[in-house]
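Please keep the sequence and the structure in view while reading.

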Amino acid sequence: MSVNYKTCLLIDDNYIDNFVTRRILESSNFAEKVIVEQSAPDAIDSIRDGVIEPDVIFLDLRMPMMNGFEFLQELDKLNFNKKNSVKIFMLSSSLDPTDVKRSSQNKYISQFIHKPLTQKILQEL
(Lines give C-alpha, C1' and ligand atoms only; values in the text may rest on other atoms or scores of the structure.)
Protein backbone atom coordinates (compact mmCIF):
# COMPACT_ATOMS: atom_id res chain seq x y z
CA MET A 1 0.00 0.00 0.00
CA SER A 2 1.37 3.44 -0.86
CA VAL A 3 1.24 6.38 1.53
CA ASN A 4 -2.25 7.88 1.54
CA TYR A 5 -1.94 10.66 4.12
CA LYS A 6 0.71 12.93 5.54
CA THR A 7 -0.33 12.88 9.20
CA CYS A 8 -2.50 10.33 10.95
CA LEU A 9 -3.65 10.98 14.51
CA LEU A 10 -4.69 8.05 16.67
CA ILE A 11 -6.67 8.99 19.79
CA ASP A 12 -7.23 6.15 22.22
CA ASP A 13 -6.67 5.75 25.96
CA ASN A 14 -5.74 2.06 25.69
CA TYR A 15 -1.99 1.48 25.39
CA ILE A 16 -2.30 -2.01 23.88
CA ASP A 17 -4.86 -0.88 21.28
CA ASN A 18 -2.57 2.03 20.37
CA PHE A 19 0.42 -0.26 20.00
CA VAL A 20 -1.44 -2.68 17.72
CA THR A 21 -3.18 0.00 15.65
CA ARG A 22 0.00 2.04 15.23
CA ARG A 23 1.89 -1.04 14.01
CA ILE A 24 -0.82 -1.76 11.44
CA LEU A 25 -0.89 1.84 10.24
CA GLU A 26 2.90 2.02 9.97
CA SER A 27 3.36 -1.36 8.32
CA SER A 28 0.70 -0.43 5.77
CA ASN A 29 2.37 2.89 4.91
CA PHE A 30 -1.01 4.47 5.59
CA ALA A 31 0.53 7.84 6.47
CA GLU A 32 3.96 9.46 6.49
CA LYS A 33 3.60 10.13 10.21
CA VAL A 34 1.47 8.39 12.84
CA ILE A 35 0.93 10.34 16.06
CA VAL A 36 -0.67 8.79 19.13
CA GLU A 37 -2.51 10.77 21.80
CA GLN A 38 -3.82 8.83 24.80
CA SER A 39 -6.33 11.51 25.79
CA ALA A 40 -8.84 13.47 23.77
CA PRO A 41 -8.18 16.74 25.69
CA ASP A 42 -4.46 16.46 24.84
CA ALA A 43 -5.34 15.87 21.19
CA ILE A 44 -7.59 18.95 21.16
CA ASP A 45 -4.80 21.03 22.72
CA SER A 46 -2.28 19.78 20.14
CA ILE A 47 -4.61 20.57 17.24
CA ARG A 48 -5.58 23.98 18.67
CA ASP A 49 -1.92 24.90 19.21
CA GLY A 50 -0.94 23.80 15.70
CA VAL A 51 1.38 21.07 16.99
CA ILE A 52 -0.59 18.47 15.03
CA GLU A 53 -2.37 19.06 11.72
CA PRO A 54 -3.94 15.69 10.97
CA ASP A 55 -5.21 14.61 7.59
CA VAL A 56 -6.89 11.59 9.13
CA ILE A 57 -7.96 10.70 12.67
CA PHE A 58 -8.76 7.33 14.19
CA LEU A 59 -10.85 8.15 17.25
CA ASP A 60 -11.82 5.85 20.09
CA LEU A 61 -15.34 6.30 21.39
CA ARG A 62 -15.13 5.35 25.05
CA MET A 63 -12.41 7.27 26.87
CA PRO A 64 -12.21 8.89 30.32
CA MET A 65 -12.37 12.69 30.68
CA MET A 66 -13.67 13.20 27.12
CA ASN A 67 -15.30 10.57 24.91
CA GLY A 68 -15.14 10.51 21.12
CA PHE A 69 -18.36 12.46 20.63
CA GLU A 70 -17.25 15.12 23.12
CA PHE A 71 -13.95 15.34 21.23
CA LEU A 72 -15.89 16.04 18.03
CA GLN A 73 -17.88 18.80 19.77
CA GLU A 74 -14.62 20.44 20.87
CA LEU A 75 -13.08 19.95 17.43
CA ASP A 76 -16.06 21.75 15.93
CA LYS A 77 -15.20 24.84 18.01
CA LEU A 78 -11.63 24.98 16.70
CA ASN A 79 -10.43 26.91 13.72
CA PHE A 80 -7.72 24.94 11.94
CA ASN A 81 -6.82 24.59 8.27
CA LYS A 82 -7.89 21.00 7.70
CA LYS A 83 -11.09 21.08 9.75
CA ASN A 84 -13.39 20.52 6.79
CA SER A 85 -11.16 18.04 4.97
CA VAL A 86 -9.87 15.83 7.79
CA LYS A 87 -11.16 12.26 7.57
CA ILE A 88 -12.28 10.88 10.92
CA PHE A 89 -12.85 7.20 11.55
CA MET A 90 -14.51 6.18 14.81
CA LEU A 91 -12.52 3.16 15.94
CA SER A 92 -14.31 1.44 18.79
CA SER A 93 -15.06 -1.86 20.44
CA SER A 94 -18.59 -0.65 21.17
CA LEU A 95 -21.34 -2.90 19.86
CA ASP A 96 -24.06 -0.49 20.92
CA PRO A 97 -26.27 0.24 17.88
CA THR A 98 -26.91 3.72 19.27
CA ASP A 99 -23.18 4.53 18.99
CA VAL A 100 -23.07 3.31 15.40
CA LYS A 101 -26.18 5.31 14.49
CA ARG A 102 -24.92 8.44 16.24
CA SER A 103 -21.61 8.10 14.39
CA SER A 104 -23.34 7.81 11.04
CA GLN A 105 -25.22 11.03 11.75
CA ASN A 106 -22.13 13.04 12.69
CA LYS A 107 -20.88 15.31 9.92
CA TYR A 108 -17.21 14.68 10.77
CA ILE A 109 -17.21 10.88 10.97
CA SER A 110 -16.45 9.14 7.68
CA GLN A 111 -16.99 5.64 9.01
CA PHE A 112 -17.49 3.61 12.19
CA ILE A 113 -14.92 0.80 12.44
CA HIS A 114 -15.11 -1.99 14.98
CA LYS A 115 -11.81 -2.79 16.70
CA PRO A 116 -9.38 -4.18 15.92
CA LEU A 117 -8.20 -2.31 12.86
CA THR A 118 -6.84 -4.71 10.24
CA GLN A 119 -4.86 -4.46 7.01
CA LYS A 120 -7.99 -5.47 5.11
CA ILE A 121 -10.06 -2.67 6.66
CA LEU A 122 -7.32 -0.15 5.83
CA GLN A 123 -7.27 -1.26 2.21
CA GLU A 124 -11.03 -0.77 2.01
CA LEU A 125 -10.75 2.79 3.27
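## Sheet

Two strands pair if DSSP finds at least two bridges between them. Helices (H or I, at least four residues) and strands (E, at least two) are DSSP runs, numbered from the N terminus. This is a predicted model, in which local features need pLDDT of at least 70 and side-chain atom pairs count only at pLDDT 80 or more, while totals for chains, interfaces and linings use all residues. Residues are numbered from 1 along each chain as its sequence is written, and side-chain values use heavy atoms, with hydrogens and water left out.

Five strands form an open sheet in the order β2-β1-β3-β4-β5, with parallel pairing. At its edges are β2 (31-37) and β5 (109-114), each of which pairs on one side only. Neighbouring strands are turned by 20° against each other on average, direction ignored; axes here are lines fitted to C-alpha atoms, for helices over the stretch in contact, and angles run from 0 to 180 degrees between N-to-C directions.

Strands β3 and β4 pair in the parallel sense over four bridges. Within this pairing, Phe58 stands opposite Phe89 of β4, and Leu59 stands opposite Met90 of β4. Four bridges also join β1 to β3, again running parallel, and the bridge partner of Leu9 in β3 is Ile57.

## Helices on the sheet

Helix α1 (residues 15-27) lies across β1 (5-11), β2, β3 and β4, and runs at about 170° to β2. Helix α3 (residues 68-77) packs on the sheet and touches β1, β3, β4 and β5, its direction making about 160° with that of β4. Contact means heavy atoms within 4.5 Å.

Asn18 is found in helix α1. Its relative accessibility is 5%, so Asn18 counts as buried; buried means under 20% relative accessible area, exposed over 50%, and partly exposed in between (1.4 Å probe, protein chains only). Not counting residues up to four places away in sequence, Asn18 touches Leu10, Asp12, Val36 and Gln38. Asn18 and Val36 are 18 residues apart in sequence, and their C-alpha atoms are 7.1 Å apart.

## Nonpolar cores

A nonpolar core is a set of buried Ala, Val, Leu, Ile, Met, Phe, Trp, Tyr and Cys residues joined through side-chain atoms within 4.5 Å. The largest one has 25 residues, and those with the most contacts inside it are Ile11, Ile57, Leu59, Phe71, Leu72 and Leu75. Each of β1, α2 (40-48), β3, α3, β4 and β5 supplies at least two residues of this core. A second, separate core of 15 residues includes Leu25, Val56, Phe89 and Leu122.

Strand β3 has buried side chains on both sides: Val56 and Phe58 point one way, and Ile57 and Leu59 the other way.

## Aromatic rings

Rings of Phe, Tyr and Trp (its six-membered ring) pair if their centres lie within 6.5 Å; planes under 30 degrees apart count as stacked, over 60 as edge-to-face and the rest as tilted. Three aromatic pairs are found in the whole structure. Phe58 and Phe89 form a stacked pair, 5.3 Å centre to centre with 25° between the planes. Phe58 lies in β3 (residues 56-59) and Phe89 in β4 (residues 87-92), so this pair ties together parts that are 31 residues apart in sequence. Phe58 is buried at 0% relative accessibility, and Phe89 is buried with a relative accessible area of 4%. Tyr5, Phe30, Phe58 and Phe89 form one aromatic cluster.
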